[in-house]
Amino acid sequence: MENEVHMKVVNGEDGYVLEDVPHLSDYIPNLPTYPNPLQDNPAYSVVRQYFVHEDATVIQKIVVHKDSQRGIHFRRAGPRQKVYFNSGEVHACIVTCGGLCPGLNTVIREIVCGLYHMYGVSKVIGINGGYKGFYAKNTIPFNPKFVNDIHKRGGTVIGTSRGGHDTKKIVDSIQDRGINQVYIIGGDGTQKGAAVIYEEIRRRGLKVAVAGIPKTIDNDIPVIDRSFGFDTAVEEAQRAIDAAHVEAESMENGIGLVKLMGRYSGFIAMFATLASRDVDCCLIPESPFYLEGKGGLFEYIEKRLKENGHIVIVIAEGTGQELLSQNWNEKDASGNKLLKDVGLWMSHKIKEHFTRNKMVLNLKYIDPTYMIRAVPSNASDNVYCTHLAQSAVHGAMAGFTGFTVGLVNGRQTYIPFNRITEQQNQVVITDRMWARLLSSTNQPSFLGAIEVANAKENENAAQSLEGENCKNNSAEEDSVAKLPKGENCKNDSAKESAAQSSTVENCRNNSAEEKSVAQPSKGEICKGNAAEEESVAQPSKGENCKNNSAAYILNA
Ligand SMILES: Nc1ncnc2c1ncn2[C@@H]1O[C@H](COP(=O)(O)OP(=O)(O)O)[C@@H](O)[C@H]1O
Ligand SMILES: O=P(O)(O)OC[C@H]1O[C@](O)(COP(=O)(O)O)[C@@H](O)[C@@H]1O
Ligand SMILES: [Mg+2]
């Protein structure tokens, strides 16, 4: 099978780059268009400029200097004046793949309802049990009544699975059933699968729009501000941390150990720790640690027990796998490495150490990993899921294909598949956010001077515009590498202060999202605003940046 990737990159003035998404008209000539039925919908007719301008794009990096190039942009999502499907013609399907995540049912509900209520589409089916359901199972007919209450349930009403991605069989099934819009909800693996489905559909010249909706409880998908369900997961993790804290502080030398999800990325652990304030130590895959000796974990535990009588430790599941699973190469059906239980390993190690040192210890290990992803999404994730689903529907109706919908700097965008599958979003331990965590827990960084220097160097190398970008995703901030030694941002739940270097550094935060704004000179204003505002960054003059609803500003 041909494995061709069609990139659409448009270059403009002053370094403007649009990483565009494909359109059905790119490979099918003379497609008819229709007026968007939304123009006659009373709910939307009152909206000023409801349709998105065809040139509207969203900038990826909102922190700029006065001489910055305009940089990478993505196409803004939303309804278009013209659509490429008429209502009666659409036969849509929805599939969910990979691990569970809060909000899956909300996304399903809103795709179904969006298609019905906004575009008058009544043929929508669910593919049962992930990718293999395309060729191995019966489909589930959807309508607004069927999906009415599903957002109140965890999981996915159409089931999910790992493995079973057979591109030919899947596209045969799409073709045989006459499906012409495919909504694919899943993580990095799923989006890679969606990309090859799109390429095969294109190779066959089919009028079928393929839209991805990124799902990952680990928040490990790059480019986007955060993934849906992440907020819920962090909130749910609080319950486990609270329980661990209550247990630990009620006993002599109490240790509460909580394992949270995070295969390669420790975002849930980091945010749950920052939110809780009861955690004394947070361990994530991105930050190596060691147990024995000076500066090690055991020394720190002993110190905290002496000072405080108890300690709460949060550990992300992918942490320290190299310590406990050498020569372990088992994989799940999708090819993801199976993890060993680092929480269990850690509790044995701690007990062993303190027994050896004849210290009384009361350790309680809590593993809420599946509990935090099996719950229904919270209110804010529900709104977010609705927005994502509707953006996907608008995109497919407008004829875009081969895209993932995603929030970039508070705006809904269409992102080409390759952009979100080529790398993984990870906590950058040279960023202010991790420094903020270290300062809030007071834990050792476990890094020697050489490792710190290396981490900073790697991070600097990864940044294309030296000194002028912050990675725009949920947890990442402009790199602390640029701060003189010892100048970290400190955090204190409602009020935060960012320590300054002599030259720069404001940072600005919102619960799940952080951006940092370097302010080298003057006149650079930050505004918080509602999620739907125009104009993200104005690099040429004024250097303003606007952020979304929950944002607040941190001034050093
Ligand atoms: N490189 C790939 N190409 C095609 N399909 C893939 C690829 N990686 C994963 N998949 C498929 O995507 C689905 C979900 O992948 P998985 O890694 O389990 O979860 P997630 O999408 O949440 O990362 C599985 O059905 C798997 O077979
Ligand atoms: O659901 P499984 O197969 O037990 O796998 C658990 C894994 O799923 C996750 O929750 C999410 O992983 P995916 O995004 O790949 O679905 C990981 O945090 C965890 O390691
Ligand atoms: Mg994955």
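Visitor: In which loop does Asn-409 lie?

Guide: Asn-409 lies in the loop between β16 (403–408) and β17 (411–416). Strands are DSSP runs of E with at least two residues, helices are runs of H or I with at least four, and both are numbered from the N terminus. The model is predicted, so local features need pLDDT of at least 70 and side-chain atom pairs count only at pLDDT 80 or more, while totals for chains, interfaces and linings use all residues. Residues are numbered from 1 along each chain as its sequence is written, and chains are lettered from A and ligands numbered from 1 in the order in which they are written.

Visitor: Why is Asn-409 called buried?

Guide: A residue is buried if 20 or more other C-beta atoms, placed from the backbone, lie within 10 Å of its own, exposed if 12 or fewer, and partly exposed in between. Asn-409 has 23 C-beta neighbours inside 10 Å and therefore counts as buried.

Visitor: Why does Arg-277 count as partly exposed?

Guide: Arg-277 has 13 C-beta neighbours inside 10 Å, so it counts as partly exposed. Its place is in the loop between α8 (267–276) and β13 (281–283).

Visitor: What is the phi of Arg-277?

Guide: Arg-277 has a positive phi of about 70° although it is not a glycine. Most residues other than glycine have a negative phi. Asn-409, also not a glycine, has a positive phi of about 50°.

Visitor: Which helix gives the most to the shell around ligand 1?

Guide: Helix α6 (residues 188–203) does, with six residues. A residue is near a molecule if its C-beta atom, placed from the backbone, lies within 6 Å of it. Of the 19 residues around ligand 1, those that come nearest are Gly-98, Gly-187, Gly-189, Gly-193 and Ser-334.
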